[in-house]
Amino acid sequence: TKFKPTENVFDFKQAKKFIDYIVNLKGKYRYQKAIYLPSVGNPINLSLLAYLGIDLYDSTSAIIAARNNILLFETGSFQTTDLEEIQCSCPSCCKIKKKPIDMNFQEILNHNYYAINTEIKHVRNAIAQENLRNLVEKRVKADSNLTAILRNLDKYHYDYLEKRTPIHSNNKLIATSIESLIRPEIKRFQERLLSRYQKPHS
């Protein structure tokens, strides 16, 4: 299913509107159709989009970024003019012996493709290891808008997440931020503790 909204709900700056739309869409189609979100996927947000249930992306963001001399990384997006040296060891960047400001469109694009493909592998591994939420919390720190989306998801759509979060996992839960303290696993534990705990007889 490709989005055809009547208003711009893909603006990450409108966190609540964006997350409300995605959750409602997933509630409507559930797992019957794949959800395609065009022109927005990059190394910073892919893990969050996967966590939301988005299935398909495209490379448009990599092309647009390259045309604007922007290098994509999992820690953020940077203009080539802002980098003193290439902070990447991907096959494309390893061949380059010049400063980032001198990179051409194709060199930037090749890097961006590699960065996105690498992040897709990180996401797939995180899903297989049942720790996608940990990866999401790391990535959203690079963008305040993504942090706002995750917080709105936790605050207003806990039921949506709770139904999709395993009760048991063999992986370590890493709680190092405010976002960690309101994730489904912790809220579920708190609720069960309050509802099931019985004071022992003295």
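Q: Are Phe 12 and Phe 18 buried or exposed?
A: In this predicted model, a residue counts as buried when its relative accessible area is under 20%. Phe 12 and Phe 18 both fall in that class. The term that applies to the two residues is therefore buried.

Q: What is the geometry of the ring pair formed by Phe 12 and Phe 18?
A: The structure holds two aromatic pairs. In the one made by Phe 12 and Phe 18, the ring centres are 5.0 Å apart and the planes stand at 75 degrees. Planes over 60 degrees apart meet the criterion for one class of pair, so Phe 12 and Phe 18 are edge-to-face.

Q: Which residues of the largest nonpolar core touch the most other members?
A: This core has 46 residues. As a general background, nonpolar side chains in soluble globular proteins tend to be buried together. The members with the most contacts to other members are Phe 18, Leu 48, Leu 49, Leu 52, Leu 132, Ile 149 and Leu 153.

Q: Which element gives the most to the largest nonpolar core, and with how many residues?
A: The elements that each supply at least two residues to the core of 46 residues are α1 (15–29), α2 (46–52), α3 (60–67), β1, α5 (105–128), α6, α7 (144–156) and α8 (158–163). Among these contributors, the greatest share comes from α1, with seven residues.

Q: Which residues does Leu 48 touch, not counting residues up to four places away in sequence?
A: Leu 48 is one of the core residues that touch the most other members. With residues up to four places away in sequence left out, the contacts of Leu 48 are Val 136, Val 140, Leu 146, Ile 149 and Leu 150.

Q: How many residues of helix α6 are buried?
A: Helix α6 runs over residues 132–139 and is mostly covered. The buried residues in α6 are Leu 132, Arg 133, Asn 134, Leu 135, Val 136, Glu 137 and Arg 139. Of the eight residues in the helix, the buried ones number seven.

Q: In what sense do strands β1 and β2 pair, and over how many bridges?
A: Strand β1 covers residues 70–73 and strand β2 covers residues 76–79. A hairpin of two residues joins β1 to β2. Within the pairing, Ile 70 stands opposite Gln 79, and Leu 72 stands opposite Ser 77. The sense is antiparallel, and the bridges number four.

Q: Which residues does Phe 78 touch, not counting residues up to four places away in sequence?
A: Phe 78 lies in strand β2 and counts as partly exposed because its relative accessibility is 27%. Its C-alpha lies 9.4 Å from that of Ala 65, a residue 13 places away in sequence. With residues up to four places away left out, Phe 78 touches Asn 69, Ile 70, Leu 71, Phe 73, Leu 83 and Gln 87.

Q: Where is Asn 69, and what is its phi near?
A: Most residues other than glycine have a negative phi. Asn 69, by contrast, has a positive value. At 35% relative accessibility, Asn 69 counts as partly exposed. Its place is the loop between α3 and β1, and its phi is near 60 degrees.

Q: Where is Glu 130, a residue other than glycine with a positive phi?
A: Phi of Glu 130 is near 60 degrees. Glu 130 counts as partly exposed, with a relative accessibility of 46%. The residue is placed in the loop between α5 and α6.

Q: Over which rings do the charged ends of Lys 16 and Arg 67 sit?
A: The charged end of Lys 16 is 4.8 Å from the centre of the ring it sits over, that of Tyr 156.

Q: What percentage of the residues of the protein chain count as buried?
A: The C-alpha trace spans about 75 × 45 × 25 Å along its principal axes. The accessible surface comes to about 12200 Å², of which 51% belongs to carbon and sulfur atoms. Of the 202 residues, the buried share is 43%.

How values were computed
Residues numbered from 1 in each chain as written. Predicted model: local features only at pLDDT ≥ 70, side-chain atom pairs only at ≥ 80, totals over all residues. Heavy atoms only, no water. Phe/Tyr/Trp six-rings, centres within 6.5 Å; stacked < 30°, edge-to-face > 60°. Buried < 20%, exposed > 50% of the residue type's maximum accessible area, 1.4 Å probe, protein only. Lys NZ or Arg CZ within 6 Å of the ring centre and 35° of its normal. Pairing = 2+ DSSP bridges. Core = buried A, V, L, I, M, F, W, Y, C linked by side-chain atoms within 4.5 Å. Contact = heavy atoms within 4.5 Å. Areas by Shrake-Rupley, 256 points an atom, 1.4 Å probe, with all protein chains shown as cover.
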